[in-house]
Amino acid sequence: QLWALRIFLIFHPKVGKTSLIMSLVSEEFPDVVPYRVEEITIPADVTPEKVPTHIVDYSGTEQPHRECRWFLLVPANVICIVYAVNSKTSIEKVTSHWIPLITENTDKDSRVPLILVGNKSDLVEHSSMETILPIMNQHSEIETCVECSARNLKNISELFYYAQKAVLHPTGPLYCPEKKDMKPLCVKALTRIFKVSDLDNDGILNDNELNFFQRICFNTPLEPHALEDVKNVVRKNTMDGVLNNGLTLKGFLFLHTLFIQRGRHETTWTVLRRFGYDDDLELNQDYLFPGLKVPPDCSTELNHNAYLFLQSVFDKHDKDRDCALSPEELQDLFDVFPYMPWGRFYSYGFSVDAKNLVFSVKVESYYLQATALAPSLMLVCVCVCVCVCVPTVTRDRKIDLQKKQTQRNVFRCNVFGDVASGKSGFLQAFLGRNLTEHRSYYAISTTYVYAQEKYLLVNFDYLTDADLACDVVCLVYDVSNPYSFEYCTKVFKEYFTDSRTPCMMIAAKSDLPEVKQAYGCSPLEFCRRNKMPPPQTFTCNIAAEPSRDIYTKLTTMAMYPHVSQEDLKSSTFWLKASVGASVFAVLGFAVYRVLLKSR
């Protein structure tokens, strides 16, 4: 954000630049003109762009040419090179002296925009534009040229308006005058904006989508006749710019090229900035990562509006209407992102089918996983798609314990265990996989407790403060390794003995012969002493898909951390939870088949 703008006026004496400043301030031509005026500040409320503006005057008499570089030490946002239209010498000095001086003393990647100002237009009947235009074409840092008259007050306000415009809406990042076309970064940004605005993903902006775009950028829709006028302009100037009475990407890019060529690049900048782009045409960090404070012992979940938004995004990219996204459709979905937001969170963290299709519930799982693990990543996803919904921050877990109920739908289970204890197999089994398939540090899937659909996010990693903040803990040991159980006891005693986080012991690799653990007591006795449920046997080394009952138990423990350990040991308690899960799963599959047929 630009808090203030500094305009620097330079040139030799007698071209009238000081008169220009005085005429702007007093709105009349001064009778007596000093060599230079002190720096003038124009308040924001009287400038077109509502930005405070500082105008700095340079005098060749008071500041000799050998010292003129002092202005480069002043943080100028734009430099106005003033020449007299009735002086051929002053015009020649623009290219022979001033532009080389500025170019030599500024970095190529951060050059200040220049404006050529032809003063004293009241003294001639001709224009200097024929001489100036080749200079403008030769030097891309020149934004524009303005002819004015301090005596007649001609174009004085326009001069300083263009100076502001050159800073706030520069042409340089958008347009290449030599090629007479937009620059690649500008085309890339506008292409993304087109795709985001193309709500039905048919490659055409219809009238409703154009008005959606207008409301986002300019807070007002276009009148029907204005829409037709826009499309008619495109029809007359481009092939395939309008298709089925809608605007194609080619037509959309042509319109912005036309805006820039006609000096209305502020329109294009308004669009770019509304969609999160900075002056370098990169997505702004504040746009990508809006603040979201998550207090300790709270978590983040998708709210109802976010669910609806994600479903609409899924439907938009499911072109063949098979209720699944192919790899190509998934790539198209994330084409509007500055980078693929997969990272480690997506790496095989949920299941796909044999044809590598990702179903709606799987995309939902990914976003739930991202929301729970990295809410900032979820905000990236919704922001780049111009969605106003943000994740919901759940209430403190301590309050859930006090009220003996929770409003959350996503629960986090952290898995701890020694090397080769079976943690990876435990995660893979949750996704219906075996150990020969891809591995992940994270897995998320649905579980059903008392006929309620919930999500369980299972992960394992190093022991850090972040890993200790969870809803339920799994301690995994290898029944065939006599030293595996001791690691679990150390983790429990150090981190969870006095914690109210429920813990479960997993006796993994139960298909192998069980050996006595080299510890002071058996795993069963350890669980009894620490008021934990008895160890749950588990193996994924079977032909059939591993049972999901153990994940239902973990979700139940996370939902009801206040339930006594005696109840958790009761087979009746687990039976009620698992029966509800089975019924809901059957009903869910039936509903899915009905929806598939209807689509």
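Asn-245 is partly exposed, because its relative accessible area is 38%. Here buried means under 20% relative accessible area, exposed means over 50%, and partly exposed is in between, with a 1.4 Å probe and protein chains only. Asn-245 sits in the loop between strand 10 (242–243) and strand 11 (246–248). Its phi is positive, about 60°, although Asn-245 is not a glycine. Helices (H or I, at least four residues) and strands (E, at least two) are DSSP runs, numbered from the N terminus.

Ala-420 also has a positive phi, near 60°, and is a residue other than glycine. It lies in the loop between strand 16 and helix 18 (423–430). Ala-420 is exposed, with a relative accessible area of 54%.

## The model and the whole chain

This is a predicted model, in which local features need pLDDT of at least 70 and side-chain atom pairs count only at pLDDT 80 or more, while totals for chains, interfaces and linings use all residues. Residues are numbered from 1 along each chain as its sequence is written, and side-chain values use heavy atoms, with hydrogens and water left out.

The protein chain has 24 helices and 21 strands. Of its 599 residues, 50% are buried. Take the contacts (heavy atoms within 4.5 Å) with a separation of 6 or more: residues 24 or more positions apart account for 71% of them.

What is the order of the 6 strands in the open sheet? It is 2-3-1-4-5-6, and the pairing is mixed. Two strands pair if DSSP finds at least two bridges between them. Strand 2 (40–42) and strand 6 (142–147) stand at the edges with a single partner strand each, so one side of each has no neighbour in the sheet. On average, neighbouring strands of this sheet are turned by 20° against each other, direction ignored.

Strand 5 (residues 114–119) and strand 6 run parallel, joined by 5 bridges. Gly-118 stands opposite Glu-147 in strand 6. Helix 4 (residues 129–138) packs on the sheet and touches strand 4 (78–84), strand 5 and strand 6. The direction of helix 4 makes about 170° with that of strand 6. Helix 5 (residues 156–168) packs on the sheet too, touching strand 1 (5–10), strand 3 (53–57), strand 4, strand 5 and strand 6. The direction of helix 5 makes about 125° with that of strand 1.

## Helix pairs

Axes are lines fitted to C-alpha atoms, for helices over the stretch in contact, and angles run from 0 to 180 degrees between N-to-C directions. Helix 1 (residues 17–26) and helix 5 pack at about 100°, with their axes 9 Å apart. That makes helix 1 roughly perpendicular to helix 5. Angles under 35 degrees count as roughly parallel, over 145 as roughly antiparallel, 65 to 115 as roughly perpendicular and the rest as oblique. Leu-20, Ile-21, Ser-23 and Leu-24 of helix 1 meet Ile-156, Ser-157, Leu-159 and Phe-160 of helix 5.

The axes of helix 9 (residues 249–261) and helix 10 (residues 265–274) come within 6 Å and cross at roughly 130°. Helix 9 is therefore oblique to helix 10. His-256, Phe-259 and Ile-260 of helix 9 make the contact with His-265, Thr-267, Thr-268 and Val-271 of helix 10.

## Nonpolar cores

A nonpolar core is a set of buried Ala, Val, Leu, Ile, Met, Phe, Trp, Tyr and Cys residues joined through side-chain atoms within 4.5 Å. The largest has 51 residues, and Ile-79, Ile-81, Leu-116 and Phe-160 touch the most other members. Leaving aside neighbours within four places in sequence, Ile-81 is in contact with residues including Ile-10, Phe-11, Trp-98 and Leu-116. A second, separate core of 46 residues includes Leu-190, Phe-252, Phe-254 and Leu-330.

## A covered strand and a buried arginine

How many residues of strand 20 (residues 503–508) are buried? The count is 6 of 6. Cys-503, Met-505 and Ala-507 point one way, and Met-504, Ile-506 and Ala-508 the other way. Strand 20 pairs with strand 19 (residues 472–478) in the parallel sense over 6 bridges. Met-505 is the bridge partner of Leu-475.

Arg-408 lies in the loop between helix 17 (397–403) and strand 16 (410–417). Arg-408 is buried, with a relative accessible area of 5%. Its side chain joins that of Asp-471 in a polar contact of 2.6 Å. A polar contact is a pair of N or O atoms within 3.5 Å; within protein, one must be able to donate a hydrogen and the other to accept it, and residues adjacent in sequence count only if both atoms are side-chain atoms.
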